[in-house]
Each structure stands twice: as C-alpha cells, then as structure tokens.
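Here is a short report on one protein structure. Look at the sequence and the model, then read on.

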Amino acid sequence: MNQLFESITIALRAIWGSKLRSFLTVLGNIVAVTSIIAVVSLVQGINDYVTDAIVTELGVGTFTIDRYGAITSEEEFDKVAGNPPITERDATAVRLAGVPIQAVMSQSESRGEVRYRDRVIDSVQIQGVSRDYVQFGAYKVERGRLVTPMEIERKRPVTLIGWDVADKLFLDEDPLDKMITVAGMHMRVVGVHEKKGSVFGNSQDQFAMIPIAVSQKLFGARQYIQLTAKPFDAQDTVRAMDTATAALRIERRLKPKQKDNFGLFTSDTFLGMFKQITSGIFGVLIGVVALSLVVGGIVIMNIMLMVVSERTAEIGLRKALGARKRDIIFQFLVESVTLSTMGGVVGTGLGFFAAWLVTKFTPMPASVHLWAVVIGIGMTAVVGLFFGLYPSVKAAKLDPIEALRRE
C-alpha cells in the first residue's frame with residue numbers, strides 16, 4: 001500500500017511539474033469524459049422528465065384508447081389509416097363494461113382564441129374533458145375550483161384556465177367568476193390551474209379546460225377524441241385492457257376474424273418508444289467516446305515512452321539498488337493510470353459544467369447520475385492501464401548497467 005501511495009505521489013508531482021504537457025496528453029480523455037457526462041446527463045434528464053410527465057399525466061396502471069394506437073412507422077400508419085374515429089358511444093361502451101375498469105375519461109384538444117375585454121391570446125390549447133376526469137387527478141387548481149362533473153354533464157359554459165392564460169388576460173385582476181370568450185363562446189372562469197412550467201420551451205400553462213360536449217359544439221362532433229381508462233387496481237391493467245377491447249369490438253360489431261379497428265397502449269408503451277430513441281443517441285455517444293479514448297490512449301503511451309527515456313538513469317539506479325521488474329512495471333503503470341484518470345476527473349468537472357450551462361440557458365433538463373461518473377472515470381483508468389503497459393514493460397527490461405551508462 002505504501003508503494004502505491006508513493007507511486008501516486010511521484011506521478012502527481014510529475015504531472016504538476018509538466019502541467020501543459022500533462023494537459024495536452026490527457027486532452028483526448030478530457031473530451032471523452034466531458035462528452036459522456038454532458039450527454040448522459042441531458043439524455044437521462046429528458047428520460048426522467050418524460051417518465052415523470054407520462055406517469056403524472058396518465059397515472060399508474062392507466063391505458064389509452066386511440067383511433068390509431070402507438071405508431072412507429074409509415075407502414076403501420078397505412079394499416080390503421082382507415083380506422084373510424086373514437087366516439088362518445090365508444091367511451092360509454094367501455095365505461096359500462098364495469099369491473100375491472102373504474103373510470104373512462106374522454107379528451108379532445110383544439111386550438112382557439114381566448115379573449116377578455118381587449119386582451120387576446122391566440123392559439124390557446126382548448127381541452128375538452130368528460131365527467132370522469134376528476135378520478136384521474138390530472139388537474140390541480142391554484143385558485144378557485146375544478147369544473148364539476150355535474151357542470152360537464154349539463155354542458156355548462158365554464159372553464160378552468162391555465163396559469164399563463166390567467167396571468168396574461170387578467171394581470172393583477174382576480175379571474176374567478178369573470179366571463180371570458182373561448183373560441184367565440186362566453187364562458188365563466190371557475191378556477192386557475194397551478195403552474196406547470198415549460199417543456200423544451202413550450203408553455204404547459206396556456207390552456208383552457210372545458211366540458212367535452214361544449215368543445216364538440218365549438219369545433220364539431222367529429223372532433224378527434226382519445227379515451228383514457230383507469231382500472232380499480234393498477235395490477236389489473238392487462239385484464240382491464242382485455243375487457244375494454246371486448247367492449248369496443250361488440251360496440252363496433254366486429255366479427256371474430258376481423259382485426260381491431262382501434263388501438264390501446266399504456267404509459268409503458270410510450271416510455272419504451274422514447275427509450276428506443278435515446279438508446280440510439282447512446283450508441284452514437286459510444287462511438288465518439290471510443291474514438292477519443294483510443295486517440296487519448298495512444299498519446300499517453302507515447303508520453304510514457306518519453307518519460308521512460310528521460311528517466312533511464314533513475315530506472316538503472318533503482319534496479320542496481322535491488323528493485324525488481326515488477327516494481328518498475330508497477331511504478332510506471334501507476335503513473336500512467338494516474339495521468340489518465342486525472343483527465344477523467346477534469347472531464348467529469350467540465351461535463352457537469354456543460355450540463356449546467358445547457359439547463360441554465362436552454363429549456364433542456366439534466367440529471368446527473370453516479371453511474372455515469374463511475375463509468376467515465378473508470379474507462380480512463382482502464383485506458384491508462386492498457387496503454388501504459390508497453391512503456392512499463394520496456395522500462396522493466398532495461399539493463400541497469402546500460403541504463404546507468406547512458407547517464
């Protein structure tokens with residue numbers, strides 16, 4: 001152990017004595033580890049955000065019924081392009097299927113103008129929801145209250161507005177019980193949603209939630225509808241999906257040999273598709289990092305050969321005093337690993353800084369994980385070990401008399 005600490009001390013002293021040369025030597029490692037930490041932090045941050053957003057939005061165990069389902073290619077879309085749209089009759093059929101399905105929420109989305117006096121916001125997201133929406137906990141109020149199931153059932157012209165809509169339309173005025181115009185229809189504001197923030201620069205607070213029947217009155221009965229179903233128990237998701245499929249097939253009068261003309265998917269389906277995309281980014285990252293590490297390793301090997309040449313007399317003296325071959329190999333391997341790992345440490349710091357800069361000045365989220373740091377620094381240690389082996393063995397094979405004579 002003392003020999004290890006002594007070798008590390010010698011290596012650090014040599015690095016500090018030739019700071020510029022050491023920096024240039026490990027530049028490849030610094031670039032590689034900076035790339036790892038920065039990219040992994042950003043990709044992992046996006047993964048965490050998307051996972052949290054999907055689970056929060058849909059809830060654990062819930063599943064979605066859609067006209068097309070989860071589509072990943074143009075060929076798949078061609079197969080389902082003729083599917084009939086989801087209707088309120090479909091929602092009623094699934095709702096009446098009973099256990100294990102607890103609730104079914106119909107949702108529609110359109111864009112329209114929202115106005116209060118002379119203040120206007122264009123292209124606000126107008127979300128229509130059915131009465132079961134309260135059972136999903138997808139909306140949370142900051143002021144006022146939610147639109148009640150009774151108001152939705154009676155098609156009342158009331159709305160829950162997003163935080164940005166309230167801020168831009170009412171400034172310092174209290175928006176509750178004020179009448180605004182949503183896509184040309186007068187509606188009473190019953191509540192303001194709590195602030196949700198932005199995703200990739202897009203505000204999540206610029207919306208107005210209204211009863212779905214009112215939405216269909218504004219935008220037409222053939223408006224695109226999506227259903228979200230919730231089982232009584234999250235463990236019963238598969239059974240609930242089978243029940244919903246049977247109910248829809250009966251409602252749509254499909255024969256046994258006919259394929260489903262609708263799609264069902266869970267939040268895991270979305271997450272799986274998203275992680276497939278991010279795994280492609282990791283694949284590209286591995287290629288860039290591997291190239292940088294090989295270049296960095298070759299530079300380290302050349303520098304270590306130079307170090308061996310510069311310290312020939314020292315090697316000869318140590319061997320003359322009784323140092324064994326393995327002692328010389330150990331000393332130079334420790335110096336090579338220390339030099340390479342220092343590049344990893346610097347690269348880790350720069351990677352954190354790069355990720356911080358991106359999150360500070362862009363809407364991209366970042367999440368730093370310990371495993372990325374361990375892998376980044378660990379790889380540089382392995383590079384130092386591998387590319388330092390040849391110079392170390394070469395130093396160990398020096399004849400002590402010849403080495404001292406060179407001095």
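Asn83 touches Arg67, Tyr68, Asn261 and Phe262, leaving aside residues up to four places away in sequence. Contact here means heavy atoms within 4.5 Å. Asn83 sits in the loop between helix H4 (74-80) and helix H5 (88-95). Asn83 counts as buried because its relative accessibility is 8%. (Buried means under 20% relative accessible area, exposed over 50%, partly exposed in between, with a 1.4 Å probe and protein chains only.)

This is a predicted model, where local features need pLDDT of at least 70, side-chain atom pairs count only at pLDDT 80 or more, and totals for chains, interfaces and linings use all residues. Residues are numbered from 1 along each chain as its sequence is written, and side-chain values use heavy atoms, without hydrogens and water.

Now the whole chain. The protein chain has 14 helices and twelve strands. Helices (H or I, at least four residues) and strands (E, at least two) are DSSP runs, numbered from the N terminus. The C-alpha atoms fill a box of roughly 100 × 60 × 35 Å along the principal axes.

| Property of the protein chain | Value |
|---|---|
| Radius of gyration | 32 Å |
| Buried residues | 44% of the 407 residues |
| Contacts with a separation of 6 or more that join residues 24 or more positions apart | 76% |

A compact globule of 407 residues would have a radius of gyration near 22 Å. The radius is taken over C-alpha atoms, and the globule rule is 2.2 Å times the number of residues to the power 0.38.
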